[in-house]
Each structure stands twice: as structure tokens, then as C-alpha cells.
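Morning, everyone. I have one structure to walk through today. Have a look at it first, please.

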Amino acid sequence: MKPIKENIQTNSICILGLGLDKNSSFQKGPALAPNRIRESYFSSSSNLWSEKGLDLGSLQDLYDLGDIHFKKDKDDFNLISSSVKAVLDQGNHMICLGGDHSITFPIIKAYAQKYKALNILHLDAHPDLYDSLDKNIYSHACPFARIMENKLAKRLVQAGIRTMNGHQQEQAKKFGVEVKEMKDGTDWIELLEFDGPVYLSIDLDCLDPAFAPGVSHHEPGGMTTRQVIDIIHNLKGKIIGADIVEYNPDRDFGSMTSMVAAKLLKETIARIHEDTISFHFTG
Ligand code: MN
Ligand code: MN
């Protein structure tokens, strides 16, 4: 992961930190996440190889763009959308590190301008489909309602869900969301298939709190780290972007959860590289 020193070559993967947590309904903390995830990514307790054998340390087309610095009284979401759009317009792919889940709406706003038939795979304990929560329509509990009502995705699949309620069930039905709830088992993991580009949004609370305690909302009964990695490795489709959100360092034990986030980041970089870069010839 190189800091930007020169012009970024086209068809690269860019990492961007979005430490925004003011739309969190329960606890703050994710604002501090991006750098903690970077620290774990480079931790000498592990190495920079993906499980499938890609040496991320030697990639020439992987850049760290640093963090967006949010300013008081400025429109955070416009800043996110325009920053992401600029990177996509240059022909590059993005992985954003949250921040809370509210950031996914402005990210997808930018993606939808480039990809007209976008699929989204959303891993989360929560459907995040509230029309509004605590009078905030941009709450981290609402991004997928905003995405769907603005018709920014052709297909939304949610998995890991274990907090469905009446209102969000109605919302899911209204927007045609495919919801895979934990109570119905996880056989679908081997069958995930998408037609066209896939954006992967990983809320770390999709994982059971036993695997990822460093999140604001501990919701028992979740996925294993292995299952999430298997999804990243095996889903059929072309992953063209991702976010990893809701890491809350204040709730972590040591760097247990940031290591999970860093691991998922490594595997996601490798998958995007495999899907979008390995097959392109340059020069
Ligand atoms: Mn979420
Ligand atoms: Mn969640």
C-alpha cells in the first residue's frame, strides 16, 4: 500500500479512510478506526500475503489515499461522494474504511454514476433500512433505505441479519431487498451469485461479537470470520469496490477486531485485484 507520491496509474486499487461517526445512534468511536486498521494491516504479527497467495506488499497498483478530513459545517456526504467519484473517474477501484455505516450512501451515490446496474452485497447484523432513526434520515441505521429509494442499485442482498423488525421488514419488501437472516442458516454462502459488478459493504457487526468485539452494537448469533472470508473468496461476480465499517476501537480488546478488519481488507484487496486487475494487460 503506497502513499501517493506520484500520479496514480489507472486501474489501481485505492484505500481511503472515512473516519466519520456523527451519524452513529448508540456510541461514537468509529472515527478513529481507519488508522487503527492500517496499523493492524502492517502489524509484524502477520504478513502481507493474501490467503490465496498474492503478495500485497509487492503490488504496484495499490495506493493509500489517506483520510478525508471532515470539516465542521461542511457537507460531509458531498465530500465523500466527490472524493470517491474522482477516484472512479480515473479508472480506479476503491475500498473505504469507515467510519460508521452512514458513509455507504454517499459512496454508492458515486458508484451508481459509473455502474448503471450495480449489485450490492451487504453483510451486517442489521438491515440498516430505517426510513429514519432518532429523526436522522442519514443515521447509520438508514443508508440502505436511502440507496434503494434513490434507485442506486439494481439488486441488494443482505446477509448476517439478526435484528429484523416490523418496519424494516416492510422496507425490505417495498425495496425488493433479498434478506438472508442468520436464523435461516448459512447454506446460501456457497451459492452466492451476481450478474455484473458487485459492491461489498462489510459492517463488522455481521460477525459474532465473539470474533469481533470492537463494534458499537454487540449482537450475538452472528457469522464467523471464516465464513466472511469464504464469501469474499467464493462469491460469483466481479467485486469492483468495498467498504469496511463500524470498527469501534473504544470497544476492542487490544487489537483483536482491528486485526479482523485488516484481514478482511487484505482478502478484499486480493479479490478485487483478481477480478479487475489481473486480467488487464497494460503497455
Ligand atoms: Mn450497518
Ligand atoms: Mn450493524
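In which sense do strand 5 and strand 6 pair, and over how many bridges? Strand 5, residues 119-123, pairs with strand 6 in the parallel sense, over five bridges. Keep in mind that this is a predicted model.

Let me stay with that pair. Isoleucine 120 stands opposite leucine 156 in strand 6. To get from strand 5 to strand 6, the chain passes through helix 4, residues 143-149. That β-α-β crossover is right-handed.

Now the other neighbour. Strand 6 also pairs with strand 7, residues 178-181. Again the sense is parallel, this time over four bridges. Here isoleucine 161 stands opposite glutamate 181 in strand 7.

Is strand 6 enclosed or open? Strand 6 covers residues 155-161, and six of its seven residues are buried, so it is largely enclosed by the rest of the structure.

On to the metals. Start with the manganese ion, ligand 1. Its protein donors are His101 through ND1, and Asp124, Asp128 and Asp203 through OD. They lie 2.1 to 2.2 Å from the ion. Along the sequence, the spacing of these donor residues reads H-x22-D-x3-D-x74-D.

Next, the manganese ion that is ligand 2.

Which residue bridges ligand 1 and ligand 2? Aspartate 124 does, and the two manganese ions lie 3.3 Å apart. Where does aspartate 124 sit relative to aspartate 203 in the chain? Aspartate 124 is in the loop between strand 5 and helix 4, while aspartate 203 is in strand 8, residues 193-203. The pair therefore ties together parts that are 79 residues apart in sequence.

How buried are these aspartates? Aspartate 124 has a relative accessible area of 0%. For aspartate 203 the value is 2%, and for aspartate 128 it is 4%. Buried means under 20%, so aspartate 128 qualifies.

Last stop, helix 7, residues 256-277. It has 22 residues and reaches 31 Å from first C-alpha to last. That is close to the 32 Å expected at 1.5 Å a residue. Helix 7 is mostly covered, with 18 of its 22 residues buried.

Methods: Residues numbered from 1 in each chain as written. Chains lettered and ligands numbered in written order. Predicted model: local features only at pLDDT ≥ 70, side-chain atom pairs only at ≥ 80, totals over all residues. Heavy atoms only, no water. Donors = N, O, S within 2.8 Å, 3.2 Å for Na, K, Ca; no water. Buried < 20%, exposed > 50% of the residue type's maximum accessible area, 1.4 Å probe, protein only. Helix = DSSP H or I, 4+ residues; strand = E, 2+ residues; numbered from the N terminus. Expected span 1.5 Å × (residues − 1). Pairing = 2+ DSSP bridges. Right-handed = clockwise from strand over helix to strand, strands pointing away.
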